[in-house]
Amino acid sequence: SCNIYGQNVEINISGIKNNKGVIKLAVFTNQQEFDKESPVTGRAFPKRNVRNGKLKINMKLKPGNYAIALLDDENEDGQMNYNFLGLPLEGFGFSNYYTSGMRKPKYSDFNFDVKKGNNKVEIKIRYVL
């Protein structure tokens with residue numbers, strides 16, 4: 001099926017530890033948006049379809065360059081929760097990029113191109129605690 005508004009992006013999420021809450025995706029098109037945490041689009045997906053820690057999501061995006069940040073929003077408050085040491089209490093992930101350090105990635109670390117046809121992106125969730 002041809003969609004003039006956007007190409008299909010298949011997002012394969014792995015490492016989800018439970019079925020509580022929702023998976024939130026924030027889509028950015030440059031470093032400035034990511035710094036300001038002002039995505040061009042954002043969606044929340046229920047976790048009831050999670051199987052073996054995996055969830056497949058389809059999104060429509062116009063051809064172009066994007067970066068997707070994920071939050072495993074277990075308590076559905078719409079934001080990342082931190083403990084008193086400033087460590088993230090909820091899982092997070094980035095498109096085609098797995099971070100093992102504590103540094104926030106740059107847009108250039110996790111951006112990808114959406115082309116005509118079917119596009120695939122992998123996001124492996126990381127839980128610090």
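I started with Glu76, which sits in the loop between E5 and E6 (strands are DSSP runs of E, at least two residues, and helices are runs of H or I, at least four, numbered from the N terminus). This is a predicted model, where local features need pLDDT of at least 70 and side-chain atom pairs pLDDT 80 or more, while totals for chains, interfaces and linings use all residues. Residues are numbered from 1 along each chain as its sequence is written, and side-chain values use heavy atoms, with hydrogens and water left out.

I looked up phi for Glu76 and got a positive value near 55°, in a residue other than glycine. Glu76 counts as exposed because its relative accessibility is 53% (exposed is over 50%, buried under 20%, partly exposed in between, with a 1.4 Å probe and protein chains only).

Next came Asn52, in the loop between strand E3 (41-46) and strand E4 (55-61). Asn52 is not a glycine either, yet has a positive phi of about 50°. At 79% relative accessibility, I noted Asn52 as exposed.

Then I turned to the largest pocket, with a volume of about 720 Å³ (an open set of points on a 1 Å grid over the protein atoms alone, where a 1.4 Å probe fits, with protein on both sides within 12 Å along at least five of seven lines; the volume is the space filled by probe spheres set on the points, joined across faces, edges and corners). Its lining has 28 residues (an atom within 4 Å of a point), with Glu37, Ala69, Met80, Tyr82 and Phe92 nearest the centre. Strands E2 (22-28), E5 (64-73) and E6 (92-94) each give two or more residues to that lining, and E2 has the largest share, 4 residues.
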